[in-house]
Amino acid sequence: MASSYSAMKLKMGNWDYYVVRMKMAEVAKEVKFASEVNDDKTLDEVIQRELKESRSKKQIVRYLQKNEERFFGSIVVAALEGEPTFFAIEAKNDPKFAAFQNQVNETFGVLFFDDSLKIYALDGQHRLFAIKELIDGGSETPQPVGFSDETISVIFVIPQKGASPDEFKKSYRRLFTSLNRHAKPMNMVTNIIMDEDDRFSIITRYLISEYDFFSWD
């Protein structure tokens, strides 16, 4: 079945990519794991790191279930095949947008794929697993009320035109490395300062703020 999404078109380096609005139920249904779209398990064909299901189940699913202030950053997905076509919205004939034509034209529109589209998570597979667990897990992992209709931004990365399957797999692996190798986790001090859910961080901040014993000039 063909798919279409409201989208914003962007470009960085050699990559054309699109920021798409998707419901959680759509993400659970449409976005796959790399292992589901790639059967070859040889070293050169691996296009995603190992999924740690226990981490997703224990930490991320629980976070989504219990935190009303839940929030995810964008999931980055590789769009394979699908013959992507972007239909841009033109605002030049609408006087309301006269001052914003350069920002709107060729930027906002609809991203269309035919039924050969395959989408897998390039970055954010643990978040994807947690979403799928809540949507498809039934009574074992009950989802918050209305979770299926909540929305998330999904970044679609499109292969360059004319690229062979081997070329775009290499490009996707290179992009995956860039996204993950240079992502620096927060250190322990920053976690203690910022965390509003971990009770030990909250107590530590309270002790430092309220008791002279822990203060210094």
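This is a short tour of one protein chain, one selection at a time.

**Before you start**

The model is predicted: local features need pLDDT of at least 70, side-chain atom pairs count only at pLDDT 80 or more, and totals for chains, interfaces and linings use all residues. Residues are numbered from 1 along each chain as its sequence is written, and side-chain values use heavy atoms, leaving out hydrogens and water.

**Stop 1: the whole chain**

Colour the chain by pLDDT, the predictor's confidence in each residue, from 0 to 100. The mean is 77, and 72% of the residues reach 70 or more. Confidence is highest in helix α1 (residues 24-30), at a mean of 91, and lowest in helix α4 (residues 101-104), at 64. Select residues 42-48 as well: the pLDDT there is below 50, and this stretch has 18 contacts in the model beyond near neighbours in sequence. A contact means heavy atoms within 4.5 Å.

Now switch to a cartoon view. The chain has eight helices and eight strands. These are DSSP runs numbered from the N terminus, with helices (H or I) of at least four residues and strands (E) of at least two.

**Stop 2: the sheet**

Select the strands. The eight form an open sheet in the order β3-β7-β4-β8-β2-β1-β6-β5, with mixed pairing. Two strands count as paired if DSSP finds at least two bridges between them. In general, strands of a sheet pair through backbone hydrogen bonds, either parallel or antiparallel.

Go to strand β1 (residues 3-12). Six bridges join β1 to strand β6 (residues 108-113), and the two run antiparallel. Here Tyr 5 has Leu 111 of β6 as its bridge partner. β1 also pairs with strand β2 (residues 15-23), again antiparallel over six bridges, and in β2 the partner of Ala 7 is Val 20. Two residues lie between the strands in the hairpin of β1 and β2, where Gly 13 takes a positive phi near 60°.

Lys 32 stands opposite Tyr 120 in β7.

**Stop 3**

α5 lies across β3, β4 (75-80) and β7, and runs at about 125° to β7. That angle is taken between N-to-C directions, from 0 to 180 degrees, using axes fitted to C-alpha atoms, for helices over the stretch in contact.

Select Lys 132, which sits in α5. Is Lys 132 buried or exposed? Lys 132 counts as buried because its relative accessibility is 14%; buried means under 20% relative accessible area, exposed over 50%, and partly exposed in between (1.4 Å probe, protein chains only). Not counting residues up to four places away in sequence, Lys 132 touches Val 27, Ala 28, Val 31, Phe 33 and Gly 137.

**Stop 4: the cores**

A nonpolar core is a set of buried Ala, Val, Leu, Ile, Met, Phe, Trp, Tyr and Cys residues joined through side-chain atoms within 4.5 Å. The largest has 34 residues, and those touching the most other members are Tyr 18, Val 20, Val 27, Leu 111, Phe 113, Ile 131 and Phe 156. Helix α5 (residues 125-136) gives the largest share of this core, six residues. Another core, of 14 residues, lies apart from it, and includes Tyr 17, Val 76, Leu 175 and Phe 176.
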